[in-house]
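Please open the model in your viewer and keep the sequence panel beside it. The tour moves from one selection to the next and says what is to be found at each stop.

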Amino acid sequence: MIGEIAKQAQHMGAKWDAETWKRLLVDKYVREIGLHSQIMANLDGDGIIQLGFQTRKFTKEQASEFVEWLYAWAAENGVTL
């Protein structure tokens with residue numbers, strides 16, 4: 001599903017690979033369900049990193065909800081799955 005999104009969708013006027021889309025989509029999903037990731041300075045202090053959620057750590061319920069959420073997001077954003 002995320003591969004199809006990466007092929008068809010753009011963010012900030014650009015195409016992104018599936019891994020980038022996965023990070024973007026997981027971030028949006030977890031914020032919509034009321035969870036929040038943390039952002040902190042990197043070790044050099046010249047950038048930021050996100051400490052967030054990983055799909056491999058989703059519960060079965062979260063994983064199922066995420067798939068349904070992806071279908072909805074794709075439909076709302078003109079992506080054919």
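Begin by selecting helix α2, whose buried residues are covered by parts that include α1 (2-8), β2 (48-51) and α3, where covering rests on contact, meaning heavy atoms within 4.5 Å. Helices (H or I, at least four residues) and strands (E, at least two) are DSSP runs, numbered from the N terminus. This is a predicted model, in which local features need pLDDT of at least 70 and side-chain atom pairs count only at pLDDT 80 or more, while totals for chains, interfaces and linings use all residues. Residues are numbered from 1 along each chain as its sequence is written, and side-chain values use heavy atoms, with hydrogens and water left out.

Stay on α2, which has 15 residues and reaches 21 Å from its first C-alpha to its last, close to the 21 Å expected at 1.5 Å a residue; the expected span is 1.5 Å times one less than the number of residues. Colour Trp 21, Leu 25, Val 26, Asp 27, Tyr 29 and Val 30, which are buried in α2 (buried is under 20% relative accessible area, exposed over 50%, partly exposed in between, with a 1.4 Å probe and protein chains only). Just after the helix, Gly 34 takes a positive phi of about 95°.

Next, show the side chains of Tyr 29, Phe 58, Phe 66 and Trp 69, which form one aromatic cluster. Rings of Phe, Tyr and Trp (its six-membered ring) pair if their centres lie within 6.5 Å, and planes under 30 degrees apart count as stacked, over 60 as edge-to-face and the rest as tilted. By this rule the count comes to 6 aromatic pairs. In one of them, the ring centres of Tyr 29 and Phe 66 are 5.1 Å apart and the planes stand at 55°, so the pair is tilted. Because Tyr 29 lies in helix α2 (residues 18-32) and Phe 66 in helix α3 (residues 60-76), the pair ties together parts that are 37 residues apart in sequence. Tyr 29 is buried at 2% relative accessibility, and Phe 66 is buried with a relative accessible area of 6%.

Finally, select Met 40 in strand β1 (residues 38-41). Met 40 is partly exposed, with a relative accessible area of 41%. Leaving aside residues up to four places away in sequence, Met 40 touches Gly 47, Ile 48, Ile 49 and Leu 51. The C-alpha atoms of Met 40 and Leu 51, which are 11 residues apart along the chain, are separated by 7.7 Å.
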